[in-house]
Amino acid sequence: MRLGIVTMSAIAKNLAAALQRARERDPDLNQARLAALVGVSEATIARWLNGTRTPLMESLKKLADALSVQVTELVDEGPTPRTQVLQAIVDEAAHMSEAEQQALLAFIRSRR
């Protein structure tokens, strides 16, 4: 998994969104309970949520487990123009026959 450079604000934003979604499923999930699940202090959770600190990979994995999300959902800064184009290509190719998909792949490889 290649994460690249991820800003603290992106992690804070994604973590806050994931926590909100988790709270919709489990209203009793608060910062204290999340801290206990992850094995950190409430203050640490607060720092992650406000973007003043970034969790280490081990903590990201525990957070993802506690929130029932993938780690990438916590660190992904959203689609870039490139990923949007790639997704559009995949969506179009899904409607093609296997022969058309192979032709498309051959065309893409010929452009390298």
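Contact here means heavy atoms within 4.5 Å. The model is predicted. This briefing covers the packing of helix H2 against helix H4, then Ser59. Leu34, Leu37 and Val38 of H2 meet Ser59, Lys62, Leu63, Ala66 and Leu67 of H4. The residues of this contact divide into 6 nonpolar, 1 polar and 1 charged.

**Helix geometry**
- Two packed helices are described by the angle between their axes and the distance between the axes.
- H2 spans residues 31-38, and H4 spans residues 57-67.
- The two axes come within 9 Å and cross at roughly 125°.
- The crossing of H2 past H4 is right-handed.

**Ser59**
- Ser59 lies in helix H4 and belongs to the contact with H2.
- The relative accessible area of Ser59 is 15%.
- Ser59 therefore counts as buried, since the cut-off is under 20%.
- Leaving aside neighbours within four places in sequence, Ser59 is in contact with Val38 and Trp48.
- Of these two partners, Val38 is in H2.

**Confidence**
- The mean pLDDT of the protein chain is 83.
- In this chain, 89% of residues reach 70 or more.
- Confidence is lowest in helix H1 (residues 8-25), at a mean of 79.
- Confidence is highest in helix H7 (residues 98-110), at 94.

Technical notes. Residues numbered from 1 in each chain as written. Predicted model: local features only at pLDDT ≥ 70, side-chain atom pairs only at ≥ 80, totals over all residues. Heavy atoms only, no water. Axes fitted to C-alpha atoms, helices over the stretch in contact; angles between N-to-C directions. Helix = DSSP H or I, 4+ residues; strand = E, 2+ residues; numbered from the N terminus. Left-handed = near helix turned anticlockwise from the far one by under 90°. Nonpolar A, V, L, I, M, F, W, Y, C, P; charged D, E, K, R; others polar. Buried < 20%, exposed > 50% of the residue type's maximum accessible area, 1.4 Å probe, protein only. pLDDT = per-residue confidence, 0-100.
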